[in-house]
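Visitor: Hello! Could you walk me through this structure, one question at a time?

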Amino acid sequence: MLAVFPTFAGAPTLAAGAIPPVLVLAMCVVAGVGTVLVLPGRHERSVRKIGGGALLCVFLIFAALLIRQGAMKGAGQVYFWLFAAIAILSAVRVISHDKPVYSALYFLLTVVATAGLFVLLWAEFMAAALVLIYAGAIVATYVFVIMLAQQTGNAGRATEGGDYDRISREPIAACAVGFTLMGLILFVIFDMVSFVGPTKLAKGGEAQGTAQRLGEHLFTSQVVSLEMAAVILAMAVVGAVVIAGRKVAEPAPAREATGDVRDVDPKQVPVYGTDERRTKAYPEK
Amino acid sequence: MAMSEAVLRQYLAVGAILFAIGLIGFMTRRNLIVLFLSTEVMFQGVAVNFIAFGRYHGSLEGQAFVIFLLVIAAAEAALALGLIVQLFRRRHTLDAESWRELKG
């Protein structure tokens, strides 16, 4: 089985935690088909559920394979699997949900689960920063823009202008490309590379995640980059204000398309529930 | 307590899967806002990779990189949402297909 993909070194033995590449390939194919089904499209809701079930099965098999490799020791692994499962499954929901508001909320779930992974990696400050910046600021901005757009737009309704959330663009080709990339990366991770060994931890390396050490590192060896980041952020905020504040001329055909009632003669609007025009409500003089 | 190679592989796999999911979402979805949410999912995958490698090598460079990544993500979100508001004002739709004539 392994002879199908010879490794670079030609070594027949698998490294620790390795997975046969044929298995990775097969799982990527199944996951690709599942993703094509689960993306919004013209098929039935039950078909999408089958696609979601396929994705869930692939993820569970993948997890079981990794667990069987004996990579897991200790209680921290339970948290790893919980956070990884939440992050990946809610990421799938981000790209497969019909309504953008729910996509944004599932993205929030991905962010929180990723913050949990960061805590497991002793990066407590980054976990806190991720929750503050992403969950607190970025997702809130996204939700505001979604509300602004849905208020006058018709994306929620299944009209001819509003079905762009329900029909994907080229799902098969996109899934082929995406899962080919994913299969290649996983192949490299699990089969080929023997990583450069862990360097000796610097002094106090056990406490490397503390905010104090990170701050010292940032303000001694990364000072210029940090100041540049501040400048970039300030420029982006000024640019966003300039871009979003500009007035644009409203195109006339778009106003018709959204059914704006300001241009409609009130006498020509039928009385609600009938075909009768409102002539009686607006009597001719 | 150094991190074993097998554990590093698990975290890298999570990062790769998140990146691929975001890529697929960016290519398939048609709503401009969901497009940019997909790029944020890709950012998450990259951040997991950085932090896992930083932990593996016992250095703080990974975390420092993720701070700059957060800065770029915040700047990108602010600019992209400003642009999306402008585009929505012009066409009254968030459909990316309504800007087809922009392709070269």
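Guide: Gladly! One term to begin with: two residues are in contact if their C-beta atoms, placed from the backbone, lie within 7 Å. Please keep in mind that this is a predicted model.

Visitor: Among contacts in chain B between residues at least 6 apart in sequence, what share joins residues at least 24 apart?

Guide: Chain B has three helices and zero strands, and its elements run α-α-α from the N terminus on. Taking the contacts between residues at least 6 apart in sequence, the share that joins residues at least 24 apart is 53%.

Visitor: Which helix gives the most to the side of chain B that touches chain A?

Guide: The contact takes 86 residues from chain A and 68 residues from chain B. On the chain B side, α1 (5-28), α2 (32-56) and α3 (61-91) each supply at least two residues. With 23 residues, the helix that gives the most is α3(B).

Visitor: How far apart are the end C-alpha atoms of helix α1 of chain A?

Guide: Helix α1 of chain A covers residues 21-38, so at 1.5 Å a residue its 18 residues should span 26 Å. Its buried residues include Met27(A), Cys28(A) and Leu37(A).

Notes: Residues are numbered from 1 along each chain as its sequence is written. Chains are lettered from A and ligands numbered from 1 in the order in which they are written. This is a predicted model: local features need pLDDT of at least 70, side-chain atom pairs count only at pLDDT 80 or more; totals for chains, interfaces and linings use all residues. Helices (H or I, at least four residues) and strands (E, at least two) are DSSP runs, numbered from the N terminus. The expected span of a helix is 1.5 Å times one less than its number of residues. A residue is buried if 20 or more other C-beta atoms lie within 10 Å of its own, exposed if 12 or fewer, and partly exposed in between; C-beta atoms are placed from the backbone.
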